[in-house]
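Dear colleague,

Please find below the structure I promised to pass on to you. My notes on it follow directly after.

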Amino acid sequence: MRILLNLATNPSLHERYALAVSGPTAGIALVLLLALSHSAWVNYRNYRSALMVTAEDARQLAAKQQRETELRRYLGQPKFSGTFNEVHFVNLLIAQKKLSVPGLFAKVTDLLPVDVKLVRLLYAEAGDSAAVRLEINGRNQGALDEFVANLEKSPDFADVAVMGEGFEKQSSSGAAAGVTLNCQARYLGAAPGEQEDQ
Amino acid sequence: MNWKDVKKRLTTTGTKRTAPFTLPSVLLEIQPDFVAGTRLAAVKHQHEVRSIYVAPLPPLALTPHAGQPNVANPDAVREAAVEVMSALGNGSDRFGLLLSDASARVGVLSFETLPEDHREAEALVRWKLGENLPFPAEEARIHYQMLVAQPGHVEILAVAGRDTVLGQYESLLGPSRGTPALVLPSTMALLPLVPERNDAGQLLIHLCCRWMTAVVILGSRVCFWRTREVRPDPADTVADVATEAARVLAGSRDHLRVELAGIWLCARPTAPPRLPEELARGTGCEVKDLEPPLELSSLLPGEEKLDFARYGAVAAGLARNTAVSHQPSAISVQ
């Protein structure tokens, strides 16, 4: 009689190939471990350098704050208060774009004909606009008209208005008497180049 | 693809599947009194015994039982098993385990029909075998082979062992040796030595270390199997064996309708005095010794031939098992 019985267990795939698979698995695990270790080391090194940069920045910031505090304390002394006020005033004028008087004078002078001279120049601000009041004296009426025409053509002035006109009396020396003209115009402001020139 | 089956194969949990029969090159027989090892070699498509070694066990180091732990002295049993394996020069070859008949249960089961579905058949066999198991049937490793498969009548020879009990033997040699390729009760290995006889039944009596197994064989099929313990004193042993043989003889005649024409006796290592005579007198049958074929031991030196004659019957039976032409079907059971 042939016996075909057996109580031995049929080894599962897990048991049959566990030993064969364990080697490659261990190798792959080792490679992964090395890669992860290298990555962790690189990250740690970057973290340390970032920490050092941050600490350096913090140190520089603290030094600058210290320097600022010292400068403020130095500049806060009474002997520097006058200069500070002046500088503050100048900065305020610059911030408010105030008129350059030499520039205005030069522009008006450019408009004067040969026979006309500038007697008085007044500057007044009214809100956002600025106005100039001019008193000029010329030999004859034609010269004054030429000046008014030049003023109206100038891009720096607008809304020209003649306020009054008068004749000067002849002097005792016999010199010829001139014609005086009072006029007003709106000054359109200084060009950017002029402000920089200030 | 059945992913559950794949998952089950890849994991170690759950019930274990018994393997198909295979004959490893090394056989290790562990009995209550000794550990015997045999190395087989294939010569011209047949197996021969290349070497045999026997180591004794101290008393009570091993107490066979189907439902309880068997190994009472693991160190002593392991030491003997390692000694035997070393003597055989077994390196990494897979090995087979032959156990005392009392460590497993064998039964002949009859059914009107057996489901073709493997799992359903397994459940039915497990349920029916469970009635005679001294432990929960779910804990059993089961393997059965078909004896008769006729319409309306199916007969199987089933063997069952408790997983924890078998595991105790399997783990004796340590994890480095792996699991055995073959596990069987020792009497099962004797069946191929019994010559087939179709005109009448035969009784095989295997006496080994205070345990005897009686097997009734008709033609090429087992009709009856019983294992019982006998008293250790030789005179008592003879009486117990003779009584049991007479009881089986009567039972076969009355219940199996099988007339026994002869008795094959295999008593290892040696038969008690007057056992064959008492058997013949008690049963009225001719008693023959079931001895291992001498041609299988042609490669052995003189001393080992003596050990082979005393202990080598089971190894000879398995060596002869592969040469038998008749091939009934066997079912592995999870």
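In this predicted model, five strands of chain B make up an open sheet with mixed pairing, and their order is β11-β10-β9-β12-β13. The edges are taken by β11 (221–229) and β13 (286–289) of chain B; each has a single partner strand, so one side of each is left without a neighbour in the sheet. On average, neighbouring strands of this sheet are turned by 20 degrees against each other, direction ignored.

One pairing within the sheet may be described in detail. Strand β10 (residues 211–218) of chain B is joined to β11(B) by eight bridges, in the antiparallel sense. B:V215 has B:W225 of β11(B) opposite. Helix α6 (residues 234–256) of chain B lies across β9 (201–208), β10, β11 and β12 (260–268) of chain B. The direction of helix α6 of chain B is at about 30 degrees to β10(B).

As for chain B as a whole, nine helices and 14 strands are present. Of its 334 residues, 44% are buried. Among the contacts in chain B with a separation of 6 or more, 66% are between residues 24 or more positions apart.

Regarding confidence, the predictor assigns the complex an ipTM of 0.88 and a pTM of 0.64. Chain B has a mean pLDDT of 89, and 91% of its residues score at least 70.

For chain A the mean pLDDT is 83, with 82% of the residues at 70 or more. Within chain A, helix α1 (residues 13–75) has the highest confidence, at a mean of 92, whereas helix α5 (residues 192–197) has the lowest, at 41. The pLDDT is below 50 over residues 190–198 of chain A, a stretch with nine contacts in the model beyond near neighbours in sequence. Where pLDDT is low, predicted coordinates should not be read in detail.

With kind regards

Conventions. Residues numbered from 1 in each chain as written. Chains lettered and ligands numbered in written order. Predicted model: local features only at pLDDT ≥ 70, side-chain atom pairs only at ≥ 80, totals over all residues. Helix = DSSP H or I, 4+ residues; strand = E, 2+ residues; numbered from the N terminus. Buried ≥ 20, exposed ≤ 12 C-beta atoms within 10 Å, placed from the backbone. Contact = placed C-beta atoms within 7 Å. pLDDT = per-residue confidence, 0-100. Pairing = 2+ DSSP bridges. Axes fitted to C-alpha atoms, helices over the stretch in contact; angles between N-to-C directions.
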